[in-house]
Amino acid sequence: MFCWKHIRMHFGWIVLMTMVNNGVQAWTYHYNTDTSMEWEIARQWCRQHYTDMVAIQNKQEVIYLNQMLPLHRSYYWIGLRKMAGQWTWVGTMKPLAPEAASWATGEPNNQGTSEDCVEIYIKRSKDPGMWNDDNCSKKKAALCYTASCFERSCSEHAECVENIGNYTCECNPGFTGPRCNEAVECGAVKTPEQGFVQCSHVYGDFRFNSSCQFHCARGYILQGSKHLHCLSLGKWDHDPPECQVVECPPITTSNSGWNMTCNHPRHTNSYNSTCVFRCDEGFELRGSHTTRCDHTGQWTHNTPTCTAVTCEPLVMPEKGHMTCTDPLGKFSFRSSCAVTCEEGYMLRGENTLTCIKTGNWSAETPTCEVVRCSALNSAPHGSTHCTDPLEKFAYSSICRFECDIGFLLMGSNYTYCNAQGNWTHCLPVCQVVQCSPLSAHSSDVRMNCTHPLSTNSYNSTCVFNCDEGFKLIGSYKTQCDHTGQWTAKSPTCKAVTCEPLVRPEKGHMTCTEPLGKFSFRSSCAVTCEEGYTLRGESTLTCIKTGNWSAETPTCEAVTCEPLVRPEKGHMTCTDPLGKFSFRSSCAVTCEEGYTLRGENTLTCVKTGNWSAETPTCEVVRCSALNSAPHGSMHCTDPLEKFAYSSICRFECDIGFLLMGSNYTYCNAQGNWTHSLPVCQVVQCSPLSAHSSDVRMNCTHPLSTNSYNSTCVFNCDEGFKLIGSYKTQCDHTGQWTAKSPTCKAVTCEPLVMPEKGHMTCTDPLGKFSFRSSCAVTCEEGYTLRGENTLTCIKTGNWSAETPTCEVVRCSALNSAPHGSMHCTDPLEKFAYSSICRFECDIGFLLMGSNYTYCNVQGNWTHSLPVCQARQCPLLASPEKGWMNCSHPHFLFSYGSHCGFGCDIGYVLREESKLDCTTAGTWSQEIPSCKVVQCESLLRAPLLQSDSVSVPFMNCSHPRGDFSFGSRCAFSCPEGYRLNGTTDLMCTSGGFWTGLLPTCITEDMPLGPAFLIYGAIGAASSLGLLLMGGLVMLLVRKFSKDTFTPDYSAWDGALNPVFEEN
């Protein structure tokens, strides 16, 4: 139940608020309809009196506000504003969610400029309760709220959501509870057999965001997901996996002759299973004799095979045949091979080979050797050519016989070596060839013959020759060839002839020929016509070699040196007898603008010289020129300075006019085409001031109001010249500026600073002398500089334009063991910056998880601290000690404690504990337990006629038969103690000595020593039960000996022995 009250306050504001019956403050609305305010002022008012300007969370709240708020003609501002291009609730700095938006039709439209703020239409006929973007400087009613959420309303794992009249903690996924401070639990995971699990816990053991990673021992494989993650719904994302032993494929074989023995420590053909292989006698193992199933599920070696012993493969002898029988495999044990040879070959070695059990053949492999015939020699003057397919002079060899050239074969021309090693034919002989006798055809031919074998037989040679100056007609030599014919007929002698001579052109030739036309000793004389010269010998003689004594000469016309055409000239030549030769004539002319220096015609005379020197062409020149006063001249001289085709152009200096032609040209006759021009100064019109308050001062360097005449103007102090302060007569005859006027001084226009406002007064004009401007800044910004600027007489402002700088908060650093993430819409650590804080794993955030830089430059919340999670306090175990290290705080995350016990005590459980990220100890707190010695109640005691059980009186300060326990022993009358009188339990859990016995006082020393030694040995070896059995037998059969009471051994700490 809650109720609404409308209360009229004394200051004229109306407040709409909500109260709840139980007195807990809840969300309340407040509004002001008496005064309309700009958005920034309205927000300041809300923050001054309440929490902030209203933030609307859903459309139901919009409907509620439209029903409960009164109508206001300018409507209400709400806490929604465009920041960095995004609509943001300024109270929480959260962006507007699309589903929570309640814009009116066509909004937001940013109509006009800077519509960055939002109003709500309350009780409007159209779009009631809807929103509209509007300019922040407009004035409307303020709509505020007071928050019900405070810093500790919810845990850091939730968001506090304001409701009408209450608040709700909306838990983050994975958290539960009224304040969302408990992480959802998924349940502990089980360690798989033959494996282990490693878990990390963010919010407590096996709770939300806990993750576990499973591993299997070597030889085991994980069945299921390796990683488990505790989801926000309190369930693990996968079922826990299991570790299954790795299995190898079964071993199979395809042949017999072997056996296999396997050992399977876990399952058949699984990890670490081993198998051993053996072969039958006469077979050998191919592969490893053992194999093991490794952790990858593969056998370490392939399955071996048993194969019969093999001999080295036999190679069939060349030119042989081999037939084998292989009962157990190719060339294996008991294989037999028979060897024979082809025709023409004979076997060397055993003809049968057998593979024996040692893996060797019964004999060396035989070979087939070819049958051989006797060696042959060639006949005299003949040659033998044998073909030996197998070996030299062996079976199938064929030898063919030939006689040397000039000899005839007498007998068979071949023989063959048969399979019996005999030649089929006898050797032939070679007989020389004969030619017919030779004689000379005439007496002047001389002949000389040689006969190396016999007269006129093969290779007999005859040589012929003639006298000097004559040549042999026919071959100079003949020889008896292998056919019995002479290679050439007998020759004859004839005089030598030379090549016929040809008369040279333009020449004459006269010859004498005693032995025939152009023959040996012929002579010819050569001469040339007039104007020609002979090149070569004038007389030629045919010599004995058949060559002329010199080359045939020629008649050549006389030549002059070649002429070179003069530069810039032309040359035309006629050459009746050849280029630049006798009677050649050349005419020379010059190009336009050039004159010829020298003869214009040259002739080549009979002496081989030209009739005159080669002429030259020289350019035509004009008179030198100078530039006019106040002017300049620029000449172009293609050939030479002031020469033919030179052009000179004239210009006047700026402010002067050219009177005459602006150029002249040097023609082919050496004259300039135009006279020189003159330069006349430019004149301006007379100048006068437009008003009497303008003062003018003029200077005239050339003449009055002419080029470069200058006039200077000025005004009274406090005013400035409108127009140029100076004018000058330019080169066009115009003044460079009009006469100026005087006007009040102006300052540079002021630019309103960004995020600021400026109000100005201008008595003499916009931003002029005596203008004044006041500057202010928007909320969240401070003014840097003067807040009032005045335009002074110098035309400057009295101060620099101020700037609006964003309000800055002090720089923040993340807390130790934590991190900080800031959002800075404007600048780092400035107005509207929000910084959120988180702590490292194992630390808790103490304080607000965020802070906001407000308009005053202060952070809304103090910096939090990260405090290590606290583990329960520990104390030293009783009878023990504890040694701890605390890197952060006492017994907090990271604390490490080691435990030990006092002498005589031993530690139960682990000796080291660590404080985990969840704030729990890694193990249970250990305890110290007293060291125990073996109970003497269960010790075997030997009793006989001469040996009795002693009395025992024990004290146990720390527990029965424990560290510090002491037992005293005594014997009954007639017996004496054999051994120590008392025993003590040490810190090591051992008694200080052996258990004593009671022996009769008159027992001889020897038997007593033997009995004592036997009992001591029995006690030291642990045969205590045997002693107890002896005591029972003694008790049953003895008559006059002492019998003790055993009831005290069953539980009393200090038993008392009594006689019966």
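Tutor: A disulfide is here a pair of cysteine sulfur atoms within 2.5 Å. The structure above is a predicted model.

Student: How many disulfides does the rule give in this model?

Tutor: The count comes to 43 disulfides. In general, a disulfide is a covalent bond between the sulfur atoms of two cysteines.

Student: How far apart are the sulfur atoms of cysteine 373 and cysteine 417?

Tutor: The two sulfur atoms are 1.8 Å apart. Because the cut-off is 2.5 Å, cysteine 373 and cysteine 417 form a disulfide.

Student: Is the disulfide of cysteine 373 and cysteine 417 right-handed or left-handed?

Tutor: The torsion about its S-S bond is about 90°, so this disulfide is right-handed. The pair joins distant parts of the chain, 44 residues apart. Cysteine 373 sits in the loop between β29 (367-370) and β30 (382-387), and cysteine 417 in the loop between β33 (414-416) and β34 (429-432).

Student: Are cysteine 373 and cysteine 417 buried or exposed?

Tutor: Cysteine 373 and cysteine 417 are both buried.

Student: Where in the chain are cysteine 386 and cysteine 399, and what is the distance between their sulfur atoms?

Tutor: The sulfur atoms of cysteine 386 and cysteine 399 lie 2.0 Å apart, and the two residues form a disulfide. Cysteine 386 belongs to strand β30 and cysteine 399 to strand β31 (residues 398-403); the pair links distant parts of the chain, 13 residues apart. The link is right-handed, with 105° about the S-S bond.

Student: What is the relative accessibility of cysteine 386, and how is the residue classed?

Tutor: Buried means under 20% relative accessible area and exposed means over 50%, with partly exposed in between. At 27% relative accessibility, cysteine 386 therefore counts as partly exposed.

Student: Which strands hold cysteine 954 and cysteine 967?

Tutor: Cysteine 954 and cysteine 967 form a disulfide, with their sulfur atoms 2.0 Å apart. Cysteine 954 lies in strand β76 (residues 951-955) and cysteine 967 in strand β77 (residues 966-970), so the pair ties together parts that are 13 residues apart in sequence. The torsion about the S-S bond is about 115°, which means that this disulfide is right-handed.

Student: Why do cysteine 954 and cysteine 967 count as buried?

Tutor: Cysteine 954 counts as buried because its relative accessibility is 3%. For cysteine 967, the relative accessible area is 0%, so this residue is buried.

Student: What is the relative accessible area of cysteine 426?

Tutor: Cysteine 426 has a relative accessible area of 68%, so this residue is exposed.

Technical notes: Residues numbered from 1 in each chain as written. Predicted model: local features only at pLDDT ≥ 70, side-chain atom pairs only at ≥ 80, totals over all residues. Heavy atoms only, no water. Helix = DSSP H or I, 4+ residues; strand = E, 2+ residues; numbered from the N terminus. Buried < 20%, exposed > 50% of the residue type's maximum accessible area, 1.4 Å probe, protein only.
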